[in-house]
Structures are given as C-alpha cells and as structure tokens.
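Hi,

Here is the model I promised to pass on. Have a look at it first, and then read my notes below.

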Amino acid sequence: MKVIKPYHQHFPKEGMTPYQFIEKIGRTCYKSEDKITNDSAVKFVKGLCNRKHFAMIEHYWVHMKYTGSHEDLMKGLDMFARCDCALMGESTDILRHVYITDVYDIYISAPLRVFFDMVTALSAYDLNTDPINHVVDEMLSCVGNYFPEIFPQCFSYRNTRHFQIMPEEDFCDDLYRQLADSPKGIREQEIMKHCTHTVLFVCDRGVTHELVRHRPCSFAQESTRYCNYSQGKFNNEITVILPFFFDTGMGTASNSTVYEAWKYSCEVAERKYLELIGYGATPQEARSVLPNSLKTEIIMTTNETEWQHIVNLRAKGTTGSPHPQMKEIMQPWYEELTELSEGRIK
C-alpha cells in the first residue's frame with residue numbers, strides 16, 4: 001500500500017488540440033494515459049461521441065464571436081428555447097449553459113456538449129417541412145465545420161460568415177478590448193463568465209463527494225469500476241491519501257497510535273480487495289471494501305464565476321468552516337487561481 005499527500009495540478013489548453021485536451025481528461029477516468037499517442041486523440045474522442053459519452057467533451061468550451069444582427073441571434077435562440085418538441089424541457093435547460101455578452105459584437109461561450117445537446121433536441125424537427133431559424137443553423141454549422149470529425153453534419157446553411165470560433169485566450173482578450181469603456185467591475189464580471197480553468201485534484205474519495213456537488217461544473221473522475229488495482233500498472237496495491245490530522249509519529253506532538261490504527265485499517269481493506277479480485281470478483285464488485293481514504297484523481301472544469309463561488313465556500317469558508325481536507329487542497333489552488341485569473345478571483 002502506498003501513502004501519499006494530496007495535491008492539485010492545473011491543466012492548461014495551450015499547445016494541445018481540442019481532441020488532445022479531451023483525451024487527456026477522459027483517460028484519467030480509466031487510468032489509460034499510457035495509450036496516448038501522437039494520433040490517438042481524434043479516434044478516442046470519436047469513440048466517446050459514438051457512445052454518447054458526452055461528459056468528457058463538456059470540459060472543452062467553444063468560444064465564438066457573432067457579428068450579425070443582434071436581434072436575429074436573440075430571436076433564433078428564443079425560438080430554439082420555445083421549440084414545440086418532445087424535448088422542450090431539455091432544450092430549455094440547454095441554454096442555461098450558454099453565456100452571452102452583448103457589446104458591439106456578441107460573445108458566446110458554452111461547453112462543446114451544449115451544441116451536441118442542441119442537435120439532439122432538434123432531432124424532433126422535420127427539417128424539411130419545419131426549418132430551424134437560420135442563425136441557429138449557421139451557429140451549429142460553424143461548430144460542425146470546426147469539429148468535422150465528431151460533430152453531426154446535418155445542417156445545410158454552410159455560410160457561417162457571422163460566426164467565428166476563437167481560442168479562449170484570444171476570445172477573452174478581444175472581449176476585454178470591446179469592454180474597455182465599461183466600469184472595471186462590469187468588465188471583470190463579463191470576462192469571468194467566459195474564462196474557464198481546468199484542474200486535477202488528487203485527494204481522497206470523501207473530498208470528491210463534496211466537490212461533485214458544485215454546479216455548473218464538469219467532472220472526470222478515476223473510476224473504481226474499471227481500474228483494477230491488482231494489476232501491475234498499479235503495482236498490485238492501492239494508494240491512499242494521508243489525513244494530515246493523523247500524526248505519523250514524526251512530529252513533536254506525536255500520536256502515532258492514531259496513525260497506525262488508520263494505516264492498519266487501510267491495509268486490511270487493501271488485503272480484502274485483492275482477495276475478492278482473486279476469488280473472481282470484478283473491480284466494480286471488489287471496490288465495496290475500499291476506504292474513503294482511497295486516492296482519487298478528479299478533474300474539474302468551470303468558468304471563473306463558478307470558481308469564485310467554490311473557493312468562497314471551500315477555501316475561504318464564507319458560509320462556515322470547510323472540511324479540513326477540502327481546505328488542504330483548495331487553498332493552494334485558490335492561490336494559484338488568483339494569479340491565473342489576473343486578480344479577477346478575489
């Protein structure tokens with residue numbers, strides 16, 4: 001059994017294609033990072049989409065600038081939200097995840113999954129007799145042109161001159177310039193809606209149970225259903241997170257008895273897990289004996305608006321004292337996030 005301390009790691013997008021970014025996140029769930037090659041990303045993401053496993057593509061956000069008629073865009077989105085189809089409730093919910101800033105041009109940000117969900121909602125239409133609004137058609141065609149390997153090619157309006165997909169950094173810089181005459185507080189508030197950050201937390205299962213309560217966020221988590229810790233790639237052992245409040249016997253106020261009791265219980269859990277696997281149990285069955293202290297890798301993506309809310313609760317404790325192990329991982333991330341956001345996260 002291996003005992004480690006928790007930590008975090010920021011996942012930048014720079015230098016990666018959208019497919020490489022999604023693959024890096026998706027393979028964390030299965031701990032199959034060793035299968036990443038120079039040309040594996042597109043095939044991996046296509047496989048996710050073919051299985052309609054869209055949770056991973058949520059982590060990549062599409063940022064686009066619209067230079068057409070503001071009235072036409074809002075009318076088109078309103079028509080989509082009101083569409084008279086069986087999925088009306090779902091389609092209405094879809095647009096909750098679309099962030100819009102209306103300046104001289106209109107700036108639109110949304111997780112890539114949103115556009116797949118829009119296609120699903122529109123599948124209830126007979127597009128031959130009931131064509132969708134041309135602006136929505138143009139927007140989805142723009143996404144299809146940008147992601148031709150994975151996005152459904154089902155829209156006919158191929159002139160996408162009013163929509164331009166941009167890298168996130170360029171998009172936010174362009175928006176910042178258009179907001180130059182706005183008060184600083186409003187400018188920061190609008191940028192925070194569109195600017196995203198992705199982070200890997202390596203922590204215990206108990207902490208992840210609190211993290212996944214946050215919305216709207218996207219998550220990718222190491223799967224105990226598929227990870228078989230009896231295999232050689234895991235050194236035939238489990239890894240657990242050291243609770244910092246259980247002294248290891250190395251400090252001046254040593255209470256090694258408590259630490260040894262915790263360690264022993266984890267070792268017993270490991271032994272019984274390996275026994276169950278040896279008896280023929282599957283990983284998803286044997287995991288029932290694994291401890292809360294089991295090391296878990298979880299990746300979170302959301303915009304700065306939501307990150308501000310998360311660090312308020314989990315690092316600063318604005319609504320009450322955070323769990324000490326949660327604060328242990330969130331405080332260092334909060335400090336880094338403050339720098340990454342150029343001070344927008346307070």
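In which sense do strand 3 and strand 6 pair, and over how many bridges? Strand 3 (residues 61–66) runs antiparallel to strand 6, and the pairing covers 3 bridges. Helices (H or I, at least four residues) and strands (E, at least two) are DSSP runs, numbered from the N terminus. Two strands count as paired if DSSP finds at least two bridges between them.

Before going on, some housekeeping. This is a predicted model, where local features need pLDDT of at least 70 and side-chain atom pairs count only at pLDDT 80 or more, while totals for chains, interfaces and linings use all residues. Residues are numbered from 1 along each chain as its sequence is written, and side-chain values use heavy atoms, with hydrogens and water left out.

**The sheet**

Back to those strands. One of the bridges links Tyr66 to Phe163 in strand 6. They belong to an open sheet of 4 strands, in the order 4-5-3-6, with antiparallel pairing. Strand 4 (99–102) and strand 6 (163–165) are the edge strands, each pairing on one side only. On average, neighbouring strands here are turned by 20 degrees against each other, direction ignored. For such angles, axes are lines fitted to C-alpha atoms (for helices over the stretch in contact), and angles run from 0 to 180 degrees between N-to-C directions. In general, strands of a sheet pair through backbone hydrogen bonds, either parallel or antiparallel.

Helix 5 (residues 112–122) packs on this sheet, where it touches strand 3 and strand 5 (106–111). The direction of helix 5 makes about 85 degrees with that of strand 5. Because 9 of its 11 residues are buried, helix 5 is largely enclosed by the rest of the structure. Among the buried ones are Phe115, Phe116 and Met118. Buried means under 20% relative accessible area, exposed over 50%, and partly exposed in between (1.4 Å probe, protein chains only).

**The whole chain**

The protein chain has 13 helices and 10 strands. Its C-alpha atoms fill a box of roughly 70 × 50 × 40 Å, taken along the principal axes. Of the 346 residues, 51% are buried. If you take the contacts with a separation of 6 or more, 72% are between residues 24 or more positions apart. Contact means heavy atoms within 4.5 Å.

How far can you trust it? The average pLDDT (the predictor's confidence in each residue, from 0 to 100) is 91 for the chain, and 91% of the residues score at least 70. Watch out for residues 84–91, though: pLDDT stays under 50 there, and the model has 13 contacts for them beyond four places in sequence. Where pLDDT is low, the predicted coordinates should not be read in detail.

**Helix 12 and its surroundings**

Helix 12 (residues 304–314) is where you will find Gln308. Since 8 of its 11 residues are buried, helix 12 is largely enclosed by the rest of the structure. The buried residues of helix 12 pack against helix 8, strand 7, helix 9 (205–211), strand 10 and helix 13.

Gln308 itself is buried, at a relative accessible area of 13%. Leaving aside neighbours within four places in sequence, Gln308 is in contact with Met192, Lys316, Arg344, Ile345 and Lys346.

Pro322 sits in the loop between helix 12 and helix 13 (324–340). Is Pro322 buried or exposed? Pro322 counts as buried, at 14% relative accessibility.

Thr296 lies in strand 10 (residues 295–303) and is buried too, with a relative accessible area of 0%. Not counting residues up to four places away in sequence, Thr296 touches several residues, including Phe201, Cys203 and Gln221.

**The largest pocket**

About 730 Å³ of space lies in the largest pocket. Its lining has 31 residues, and Glu14, Glu168, Glu169, Cys172 and Cys195 lie nearest its centre. Helix 7 (168–178) is one of the elements that give two or more residues to this lining, and helix 7 provides the largest share, 5 residues.

The pocket search uses a 1 Å grid over the protein atoms alone: a pocket is an open set of points with protein on both sides within 12 Å along at least five of seven lines, a cavity is a set where a 1.4 Å probe fits but cannot get out, and lining residues have an atom within 4 Å of a point. Grid points are joined across faces, edges and corners, and a volume is the space filled by probe spheres set on the points.

Cheers
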